[in-house]
Amino acid sequence: FKIFGKILKNIDSNQYVFAIDIGDLVYDSAKEKYRIFYNMIKGEKTPFLVAIGNHDIADGGAGNYFDIFGKLYYSFHYGNSLFIVLDDSNEKRIDAVQMKWLEEQLKKNYRHKFIFMHVPPFDPRGNGGIHAARGLSDKRNATEFMNLMEKYKPDIVFSSHIHAYFDQTINGIEYITTGGAGAELWG
């Protein structure tokens, strides 16, 4: 809570337009844990948006997430930028309905497009390969996602899930993994 509290103060003091947390809002999905998280962010001056992570759906927690935050995936625009927030919290794949929706979003005419997802399509510790341990486990789906990114060329794909920071470009697409908002860092 200490580090996350500092992050929240930084967000408000720098007058950002909004902030997006890309998952694992709670350690486990108990309603009380969601209540604690919500109480931390409810007083923020800066709009605080979220994506769902694997910890958020544990033990049926998707219902708790939905009751508090609404849709599991969504998009919005600000100025000439489109922001797309995905649900890959199952750690396996992005389902076919959501992939179709994603492509429809990517076709929209915005100068900038940003993707937010909890689990990266590949483990960045695997030298950019999609066969390492902590990316989406359905490698065919991960490849399909990355091919879609290469087709529509969003500015950046953000993910978390891995408790570290990585910034790499693969086939012209910038992938940033940033999983250090309070959890123990790995490696």
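This is a predicted model: local features need pLDDT of at least 70, side-chain atom pairs count only at pLDDT 80 or more; totals for chains, interfaces and linings use all residues.
With a relative accessibility of 28%, Glu91 counts as partly exposed, because its value falls between the 20% under which a residue is called buried and the 50% over which a residue is called exposed. The place of this residue is in the loop between strand 4 and helix 5.

**Salt bridges between parts of the chain**

- Side chains of opposite charge can pair when their charged atoms come close. In this model the count of such salt bridges comes to 7, and three of them are described here.
- Asp67 and Lys31 form one of these salt bridges, with their closest N and O atoms 3.7 Å apart. Because Asp67 belongs to helix 4 (residues 62-69) and Lys31 to helix 2 (residues 31-41), the pair ties together parts that are 36 residues apart in sequence.
- In this pair, Asp67 counts as exposed at 56% relative accessibility, while Lys31, at 41%, counts as partly exposed.
- Asp138 and Arg93 also meet through their side chains in a salt bridge, where the distance from N to O is 3.0 Å. This pair links distant parts of the chain, 45 residues apart, since Asp138 sits in the loop between strand 5 (112-116) and helix 6 (139-152), and Arg93 in the loop between strand 4 (81-85) and helix 5 (96-106).
- Asp138 is partly exposed, with a relative accessible area of 25%, and Arg93 is partly exposed as well, with a relative accessible area of 31%.
- Lys151 forms a salt bridge with Glu103, and here the closest N and O atoms are 3.2 Å apart.
- Lys151 counts as exposed at 55% relative accessibility, whereas Glu103, at 23%, counts as partly exposed.

**Strands that pair with strand 8**

- Strand 6 (residues 156-159) and strand 8 (residues 173-178) run parallel and are joined by 4 bridges. In this pairing, Ile156 has Glu174 of strand 8 as its bridge partner.
- Strand 7 (residues 165-170) pairs with strand 8 in the antiparallel sense, over 6 bridges, and Phe166 stands opposite Thr177 in strand 8.
- Strand 7 and strand 8 form a hairpin with 2 residues between the strands, and in this hairpin Asn171 takes a positive phi near 50 degrees.
- In a regular strand, the side chains alternate between the two faces of the sheet.

**Residues with a positive phi**

- Asp24 has a positive phi of about 60 degrees although it is not a glycine. Asp24 lies in the loop between strand 1 (19-21) and helix 2, and at 22% relative accessibility it counts as partly exposed.

Note on methods. Residues are numbered from 1 along each chain as its sequence is written. Side-chain values use heavy atoms; hydrogens and water are left out. A salt bridge is a side-chain nitrogen of Lys or Arg within 4 Å of a carboxyl oxygen of Asp or Glu. Buried means under 20% relative accessible area, exposed over 50%, partly exposed in between (1.4 Å probe, protein chains only). Two strands pair if DSSP finds at least two bridges between them.
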